[in-house]
Amino acid sequence: LLVLDVHSRDVVEKLIKAKCASENDFEWIMQLRYYWQAEPKDNCVIGQASAVFDYGYEYLGNSPRLVITPLTDRCFLTNTGALSMNLGGAPQGPAGTGKTESVKDLAKALARQCVVFNCSDGLKVSMMSRMFAGLAQAGAWACFDEFNRIDIEVLSVIAQYMRIIQKAMVTNKQNFLFDDRDISLNPNYGVFIT
């Protein structure tokens, strides 16, 4: 709570310095904002720029949060924009700079389950098929760490799996054919590579 409270204080100071006076000012809409929306369904929604998400209500425990820096804010803004277009995210940067932790922290902010998967050259297509089917049905996020270590043959199949799920999301399907199985699709699904 302290980490989030300090960030909120910094945001208010930034809004005052920028003379933000309207809810349409970019300094305001670029923030991750929570609203209670009574219509069409009684629900908490999260907005950032033009992206809008339903709150996930996934209990993740009382886990630590990252200190939120201006770079974290930009990372969140980029990734929520990508998610709103049914795309994934691929934060880049040197090792140890917090790419994976930023994805996990955004998942916490949206109350989504995030599965971090450390990739290696031992990954098999059958394992990835089961993983993507489970993620799509559960509406969980995957964060593939060290994605560049995957063999090129497996990588091409993973790209096809991602594309199949993405096409189903773009067309708002509730069920779709995935690897010769008819599975349900939870629209909270997201995928990131770091």
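Five salt bridges are present in the structure, a salt bridge being defined as a side-chain nitrogen of Lys or Arg within 4 Å of a carboxyl oxygen of Asp or Glu. The model is predicted, so that local features need pLDDT of at least 70 and side-chain atom pairs count only at pLDDT 80 or more, whereas totals for chains, interfaces and linings use all residues. Residues are numbered from 1 along each chain as its sequence is written, and side-chain values use heavy atoms, with hydrogens and water left out.

Among these salt bridges is the pair formed by Asp10 and Arg9, in which the closest N and O atoms are 2.9 Å apart. Asp10 is partly exposed, at a relative accessible area of 32%; buried denotes under 20% relative accessible area, exposed over 50%, and partly exposed the range in between (1.4 Å probe, protein chains only). Arg9 is likewise partly exposed, its relative accessible area being 48%.

A further salt bridge links Lys104 to Glu101, with 3.2 Å between the closest N and O atoms.

Glu146 and Arg149 form another salt bridge through their side chains, with an N to O distance of 3.6 Å. Glu146 counts as partly exposed, with a relative accessibility of 32%.
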